[in-house]
Structures are given as C-alpha cells and as structure tokens.
Amino acid sequence: MKDKFKLIATAAAGIEALVGKELRNLGIDCQVENGRAYFSGDQRTIAQTNLWLRTADRVKIIVGEFQAKTFEELFQGIYALDWADYLPIDANFPVAGKSVRSTLYAVSDVQAITKKAIAKKLQAIYHRPESVPLPETGALYQLEVSILKDKVTITLDTTGDSLFKRGYRISKGGAPIKENMAAAIIMLTNWFPDKPFYDPTCGSGTFCIEAALIGMNIAPGFNRDFACERWDWFEQEVFEKVRDEADAQANYDVELDILGCDVDGRMIEAAKANATEAGLPDVIQFKQMRLQDFKTEKEFGVLVSNPPYGDRLLTEAEVTRLYQDMGEVYRPLTTWSKYILTSDLDFEKKYGARATKKRKLYNGALRVDLYQYWGQRPKR
Ligand code: SAH
C-alpha cells in the first residue's frame, strides 16, 4: 500500500496563488502554476486538504506521468502503473479525458485505451479472465487522463463533489456565486474578523457565510464527506482525527459583525436557512433592505458585493442606475474598503470613481472584474 502521494489541488484560473497560500498555511510546501498547486503527502494530507482548502476545486492523486505519442506508448505507460495500490477488483473507475497540443488528440480514443489498459492490469493482478468484464459495482474512483504536449498525466480524484459544494447551501437564488470563489474574494480583501463585514446584495448569503467560517476558523468541509472516504484502502481513522482536530481549532466564541442585506425578502429567507444549515444561525445578521438605504456610523468596515449585471433580469438603464446609486451610498464611506464583483466593463464610470485596483476573475464561465476601492487606514 502506498503511503506517499504526489497531489494536485485544482482551482479556477486566477485563484491558484490563493490555494498555494492556503496550503502553506497548513504547513504544506507546494508549487503553483496554471490553475493548480502541486504538493505531496500522505493520507492525512489528503484528508486535511479536502477538509480545509477554502479556495480549491478538488484534490487529486497523480497516479502516473509519462510521455506518449502513440496509442501503444499510452497503453504500456498506463499498464505499467501500480493499479493494485489504488483500485480494488470492484472499483467503479470512469476515465475522463483531455488533450492539449499533443499527437494523441482524439480524446475518446485516449480514454478508451486508458480504460482498457487499467482493466487488463486489474484482471492480471486479481487473476480474472480477460473475457469477463470487471463488475465496477463498488466505490467511485474517478480518473482523468490528460495529455499536454505529449506528456500524459493520470489522476485519481479524492474529493467527489467539487469542494465548492460545502453542503450548507440548501437554498439559492438565480445567480449564486460559488462558495470557493466567495472565500477567495474575501481572502483578497483586507478584512479581519474584528472589522465589520457587509454584503448589500447578499442573495443566498454566500459571502457572509464564508466570512463567518473564516472568522471562526471553521473548516469549510465540516458539513460534507469526500470520495476517498468510501475507498477500501483509505483509513477511516485518518478523517476522524483530522475532523476532531478541526473541531478543536474552531473558535465559536469570536464576536463577528457580519451583515447581509437584499431587496428581495425571499433571498433573506434563503440566506437565513443556509446560515442555519452551516451551523451559524445567530452569527450573521440578515435583513431585507435596499442598498440605497444603507447608513452606518461604523468605520473601517469591508463591503463585498456581487450586484446584478445587465442580463435577463435587469435592463441596461436599471443597471446603470443601480451602480450610480451604489456610488452615491458607498463613496462617502471613506474608511470602508469596497470590493465589487461585476462583468460590467463600464462599472467605474457608472459608480463614479476609479478603482484603486482591478482584478480579473472567472465566476464560472463568466469573466468578471473585482473592482477594489481601498478605504483609509486607521490612524495609529
Ligand atoms: N452573491 C449572491 C448572489 C447575488 S445576486 C449569492 O451568492 O447568492 C444579486 C442580488 O442583488 C439579488 O439577490 C438581488 O435581489 C439583489 N439586489 C438587486 N437590487 C438590489 C438593491 N437595490 N438593493 C439590495 N439588493 C439588490
């Protein structure tokens, strides 16, 4: 049985550096490149990263890497790997595929050859006749064969449902932001748990809930399980221990000042239900209110908002009006830092001020910008 693994944490483009930062905070050394962070570790590392990474999509084991320009090289390369270390005889092992700038470009053939090579190896290892197909009735071992410039990498997904699915969002609106993207955006702000946090267009409450989880040091994966927990060779105690440690590290007593508002009362009900599901029923304040009506005496707060973009729901004129209103309400809050995520390229003009900084991100497939307006610093 293997006890050391080469691992990858995948992430949305533009987010990988934050995944790297999170890994280093967990004490795990890593290299970051193009939508992923490479690291290595044991079963404990796999459990820890699945449970704790707020900004990643998945944690995958690199089963093997080799060069292949022909189907024969692909077959032999896959066959040579130690599949008995990973797959039991009844494993359900679908093979996803992709190929970029490579000689072997027919992805469905690459997938089929890979699948065949693994099946043949398992039949040999477990002494089964090749004429009888493998049962594939057991746990899911999701594989992916990807070829980049003739280099084959075959990975095994340890995560299952993507890490953005924390398990708390039982109710959502039309345009929810992914939980891991929300966490990433909060990590890009200057928010600390002792500052006010405000989302004026909170929808289903994702930013507020992610901020509360960060503020209380609650592991984002506490409410769900992971594919590798159903594998016969993965030791149950490892996850138990990592979960127990996470529970001990959470700080439920910290005082947080988190407010989420939305003009739509149904959204406020959804946000409350989600916060309760996340185990935070009394931590966040949710209130039905138009952002135009926001007033505060507080200082040095952080405002994060993902307002409607011009789409089916709002006309161009309505969006322009909304962004103008945002400018009028927020610009006077000079000690507050404001972070607004929108795909509208004219946001600054409508809001009425140039951003201190802009950052390109992807909200799913949609290219968006995070417009950052940094507030004054407290005087010492
Ligand atoms: N980030 C949210 C989605 C926000 S969608 C999530 O993860 O669920 C934008 C939200 O802005 C919608 O819920 C909409 O009801 C709200 N909204 C639109 N106009 C508003 C206004 N004038 N004041 C407050 N909220 C508004």
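Author: Let's start with a cut-off: a residue counts as buried when its relative accessible area is under 20%. Keep in mind, too, that this is a predicted model.

With that in hand, take Ser146, which sits in strand E6. Its relative accessibility is 15%, so Ser146 counts as buried. What does Ser146 touch, once you skip its neighbours within four places in sequence? The contacts are Lys98, Lys151, Val152 and Thr153.

Now for the strand around it. E6 covers residues 143-148 and is joined by six bridges to strand E7, residues 151-157. The two run antiparallel.

Zoom out and you get the whole sheet. It's an open one, with seven strands in the order E2-E3-E1-E4-E7-E6-E5, and the pairing is mixed. At the edges are strand E2 (31-33) and strand E5 (95-100), each of which pairs on one side only. On average, neighbouring strands here are turned by 30° against each other, if you ignore direction.

Then there's strand E1, residues 5-10, which sits between E3 and E4 in that order. Five of its six residues are buried, so E1 is largely enclosed by the rest of the structure. On one side, E1 is linked by six bridges to strand E3 (residues 36-41), and that pair is antiparallel. Thr10 has Arg36 as its bridge partner in E3. E1 also has four bridges to strand E4 (residues 58-67), again running antiparallel. There, Ile8 stands opposite Lys60. As a general point for viewing strands like these, side chains in a regular strand alternate between the two faces of the sheet.

Helix H5 (residues 179-188) packs against helix H6 (residues 206-215) at an angle of about 65°, and their axes are 9 Å apart. The crossing of H5 and H6 is right-handed. From H5, the residues involved are Glu179, Ala182, Ala183, Ile185, Ile186 and Met187. They meet Thr206, Phe207, Glu210, Ala211 and Ile214 of H6. Sorted by type, the residues of this contact come out as eight nonpolar, one polar and two charged.

Terms used: Residues are numbered from 1 along each chain as its sequence is written. This is a predicted model: local features need pLDDT of at least 70, side-chain atom pairs count only at pLDDT 80 or more; totals for chains, interfaces and linings use all residues. Side-chain values use heavy atoms; hydrogens and water are left out. Axes are lines fitted to C-alpha atoms, for helices over the stretch in contact, and angles run from 0 to 180 degrees between N-to-C directions. A crossing is left-handed if the near helix is turned anticlockwise from the far one by less than a right angle, and right-handed if clockwise. Contact means heavy atoms within 4.5 Å. Ala, Val, Leu, Ile, Met, Phe, Trp, Tyr, Cys and Pro count as nonpolar, Asp, Glu, Lys and Arg as charged, and the others, Gly among them, as polar. Buried means under 20% relative accessible area, exposed over 50%, partly exposed in between (1.4 Å probe, protein chains only). Two strands pair if DSSP finds at least two bridges between them.
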